Amino acid sequence: MRTLEEVQATLQIAKLKEEDLQKTIHCLSFGENVSSADYCLMELDDTLCKHIESGESLVIRGDAEERAVLCSGDKTYDLKIADTSNMLLFVPGCRTPDQLTNSQESSHVVHTQIWGFCNSYWELRKHRPKLKKLKKLLMENPYEGPALGGQEENTENRYTMQDLLERIQASEEELKTHLETIHASQIDGYWRMLDFDYEMKLLGHVTQLVDSESWSFNKVPLQTSLEELAPLEPKEMIEHCLNCYGKRFTENDNIFYALHEDKVCRGIALLLLQNAIKFNLKEFQEVWQQSVPDGMSARLDQLKSVALVDRNSRPETISLLRVEDLSEDTLERFNHLFTLREKWTEDDITPYIQDLCGEKQTTGALLTKYARSSMQNGIKVFNSRRPVAT
């Protein structure tokens, strides 16, 4: 261990003035069996620091074949190793200059042991949750309604919230939000996707009841709906359907739902489009309008991100193209879109890339990076930056 005299001699050799330095002098030494593999460093922003300091936890998620992500209660972060040219030392009890007091009149030496070291650290970058796998898992055993007499319920491939948190790379809040988005329901403690035909059957029951009772779509009474439809479907499924396609509100202690025209019309359009590769646009619009409940208007803008209109074909066509079925990888997404269509207008492609935008990123920035623009008949269009294999 160095003495104060040895330290002062070293300062003279280095041509440093002792009075310019702190009175407390740390002498560092390596402990036994110190290794760079003993510790990992992670750089946290103020939000995550406060998250940890308040007693909350951070979780690393990902299957063996996936790149790990870090999740707080409501956000997801990419983990990336950042190398540093300076060696980073772990020194327990070592105090920084701002933590020291110069109350001592003379210099003194403090001997401190190094517990470990690193040449890299984990850098966190806020990232979109990776939710595509969620629907894939839930579609392994979709819910098709209550088992009929004599039939046994399929109990395979069912997932609790904890099961999903272990498999899906997303925070709990992001996961719950997406379960709501894809109309999943918790049944007997397991999260289930409804079979689409069954979901449409439920919606049909609700809209037919509204029509037969001459109710306003903006004021559908929950209790009466449950009582009227109970002989047909479980009450919890009817209420789930109302939650998916309407907005709940209370009036005079009674619960009502205002059905959302766009959601109802979009659901019926998906039902019509699911079994056809392409549909004559004019014929589709006629059938679609006839299929939606009286008083509702079917409009193409309701189908953004779920269906694609081809104005260049003769006759014009429409086909199913759901953004949720596309790759979560940005480059793969663009490559696939350009195999489907060589040139895209900004209005057509925006619904299919909007979800790829990171924090403070715009679709315009994505198009600048992954596509090339040109003018076609006075309209700006975008095509691939490189030849697309077909």
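Guide: One term before we start. Two strands pair if DSSP finds at least two bridges between them. Also keep in mind that this is a predicted model.

Visitor: Fine. How many bridges hold S14 and strand S15 together?

Guide: Four bridges. S15 covers residues 317-320, and its pairing with S14 is antiparallel. One partner pair there is alanine 307 with leucine 320 of S15.

Visitor: And which strands make up the open sheet, in what order?

Guide: Three strands, ordered S13-S15-S14, with antiparallel pairing. Strand S13 (279-280) and strand S14 (307-310) are the edge strands, each pairing on one side only.

Visitor: What holds strands in a sheet together in general?

Guide: Backbone hydrogen bonds, in either a parallel or an antiparallel arrangement.

Visitor: Which helix lies across S13, S14 and S15?

Guide: Helix H9, residues 261-273. Helix H9 runs at about 95° to S15.

Visitor: New topic. Where is threonine 76 found?

Guide: In strand S5, which spans residues 76-90.

Visitor: Is threonine 76 buried or exposed?

Guide: Buried. The relative accessible area of threonine 76 is 1%, and the cut-off for buried is under 20%. Threonine 76 touches a set of residues beyond four places away in sequence, including Val69, Arg125, His127, Pro129 and Gln169.

Visitor: What does the side chain of threonine 76 reach on serine 171?

Guide: The backbone nitrogen of serine 171, at 3.4 Å. The threonine 76 side chain also has a polar contact of 2.5 Å with the side chain of glutamate 174.

Visitor: Rings now. How many aromatic pairs does a search of the whole structure find?

Guide: Eight. One of them is tyrosine 143 with tyrosine 198, an edge-to-face pair at 5.8 Å centre to centre, with 80° between the planes. That pair links distant parts of the chain, 55 residues apart. Tyrosine 143 sits in the loop between helix H3 (132-138) and helix H4 (161-167), while tyrosine 198 is in helix H6 (residues 196-212).

Visitor: Are those two, tyrosine 143 and tyrosine 198, buried or exposed?

Guide: Both tyrosine 143 and tyrosine 198 are buried.

Visitor: Which residues form an aromatic cluster?

Guide: Phe279, Phe284 and Trp288 form one.

Visitor: Last thing. Which ring face does lysine 219 lie over?

Guide: The face of phenylalanine 256, at 5.1 Å from the ring centre. Arginine 341 lies over the face of tryptophan 344, at 5.0 Å from the ring centre.

Technical notes:
Residues numbered from 1 in each chain as written. Predicted model: local features only at pLDDT ≥ 70, side-chain atom pairs only at ≥ 80, totals over all residues. Heavy atoms only, no water. Helix = DSSP H or I, 4+ residues; strand = E, 2+ residues; numbered from the N terminus. Contact = heavy atoms within 4.5 Å. Axes fitted to C-alpha atoms, helices over the stretch in contact; angles between N-to-C directions. Buried < 20%, exposed > 50% of the residue type's maximum accessible area, 1.4 Å probe, protein only. Polar contact = N/O pair within 3.5 Å; in protein donor to acceptor, adjacent residues only side chain to side chain. Phe/Tyr/Trp six-rings, centres within 6.5 Å; stacked < 30°, edge-to-face > 60°. Lys NZ or Arg CZ within 6 Å of the ring centre and 35° of its normal.
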